[in-house]
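Here is a short note for a first look at this entry. Please read the points with the structure open beside you.

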Amino acid sequence: MAGDKTTLSKELPEVEQIMMSRFANRFYLNREVDLETVTGILAAARYAGTGANVQPWRVYAVAGTAKTGLADAITAAHETAPGDHSSEYHYFPNPLPEPFVSRRQEFGSVFYGSLGISHDDATARAAQTVRNCRFFDAPVGLIFTIDRRLEKGSWLDLGMFIQNIMLSAKARGLDTCTQEFFSRYHAVIRDNLPLAPEELVVCGMSMGFGDPDWAKRRPRMPKASLEQFASLHGF
């Protein structure tokens, strides 16, 4: 897979600079994000595209003691009986076909390699994974749900809503990381947040001020070239 050789330019529209500078940040500063900023991000994100204006998303934002309590409960479940918990949907098929499996393996090599964690260091990888439970120590955590009675089209809408949150956060100087990890602990989340029975936990998100030291040394993930994913006709 070809690497992403695109560099950011001030000549690009601001929204494109935000899109291209966003990345899944797993390292945050111990710095609070105020309620006005969080509500501003969510208020802007609600203008995401949505078929027939169905607006299928629900989001639970937690901070302070609410986040700590939820993180503690998920951490306890993960450390004591992880096998008892599983997502209500499949994120990837098994087996994952090419070229997707190679891209996933490349991600693991680039990300864990940047942390100095080798492929066969199961202990270090597990320690990094458990950081998911605490929203990577970000000050704000988000949990996204969707009505389980809806179909795949509404999941597309939810994805656009989540993307809007990531871009709005980046425009305000915040970093984010979406986390499918939380979907497997839906029962624990339901014990700690007022989810309705029809709500299915899709994913979570960490949000906060990213560690600038990590931002300087983190590797850029390779992206497929335009020629690899786009087929243009009649131009």
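Predicted model: local features only at pLDDT ≥ 70, side-chain atom pairs only at ≥ 80, totals over all residues.

1. Start with Gln55. This residue sits in the loop between H2 and strand E1 (57-63). Phi of Gln55 is near 50°, a positive value in a residue other than glycine. Most residues other than glycine have a negative phi. Is Gln55 buried, exposed or partly exposed? With a relative accessible area of 37%, Gln55 is partly exposed.

2. Phe135 also deserves a backbone check. Its phi is positive, about 55°, although Phe135 is not a glycine. Phe135 lies in the loop between H5 and E2. Its relative accessibility is 0%, so Phe135 counts as buried.

3. Now go to the loop between helix H3 (64-80) and H4, where Pro95 is placed. Which residue does a cis peptide bond join to Pro95? The partner is Asn94, and omega is about 5°. Pro99 is found in the loop between H3 and H4 as well. A cis peptide bond joins Pro99 to Glu98, with omega about 5°. For context, most peptide bonds are trans.

4. Next, helix packing. Helix H2 covers residues 35-45 and helix H6 covers residues 152-171. Their axes come within 8 Å and cross at roughly 135°. H2 and H6 are therefore oblique to each other. The crossing of H2 past H6 is right-handed. On the H2 side, the contact uses Ile41, Leu42, Ala44 and Ala45. On the H6 side, Phe161, Asn164, Ile165, Ser168 and Ala169 take part. By class, this contact of H2 with H6 holds seven nonpolar residues, two polar ones and no charged ones.

5. How do the axes of H4 (residues 100-114) and H5 (residues 122-130) cross? They come within 12 Å and cross at roughly 90°. That angle makes H4 roughly perpendicular to H5. Gly108, Phe111 and Tyr112 of H4 meet Arg125, Gln128 and Thr129 of H5. The contact of H4 with H5 divides into two nonpolar, three polar and one charged residue.

6. Look at Ser206 in strand E4 (residues 199-208). Ser206 counts as buried because its relative accessibility is 0%. Which side chain does the side chain of Ser206 meet in a polar contact? The partner is Gln179, at 2.4 Å. Not counting residues up to four places away in sequence, Ser206 touches residues including Tyr28, Phe135, Phe136, Ala138 and Val140. Asp175, Thr176 and Cys177 are also among the residues that Ser206 touches.

7. Phe181 lies in the loop between strand E3 (175-179) and helix H7 (186-192). A relative accessible area of 5% is why Phe181 is buried. Leaving aside neighbours within four places in sequence, Phe181 is in contact with Ile74, His78, Thr129, Asn132 and Cys133. Phe181 and Phe229 are 48 residues apart in sequence. In space, C-alpha to C-alpha, Phe181 and Phe229 are 27 Å apart.

8. Finish with Asp147, in strand E2 (residues 140-147). Asp147 has a relative accessible area of 18%. Buried means under 20%, so Asp147 is buried. The side chain of Asp147 makes a polar contact with the side chain of Arg149, at 2.6 Å. Leaving aside neighbours within four places in sequence, Asp147 is in contact with Pro56 and Glu198.

Notes: Residues numbered from 1 in each chain as written. Heavy atoms only, no water. Axes fitted to C-alpha atoms, helices over the stretch in contact; angles between N-to-C directions. Helix = DSSP H or I, 4+ residues; strand = E, 2+ residues; numbered from the N terminus. Parallel < 35°, antiparallel > 145°, perpendicular 65-115°, else oblique. Left-handed = near helix turned anticlockwise from the far one by under 90°. Contact = heavy atoms within 4.5 Å. Nonpolar A, V, L, I, M, F, W, Y, C, P; charged D, E, K, R; others polar. Buried < 20%, exposed > 50% of the residue type's maximum accessible area, 1.4 Å probe, protein only. Polar contact = N/O pair within 3.5 Å; in protein donor to acceptor, adjacent residues only side chain to side chain.
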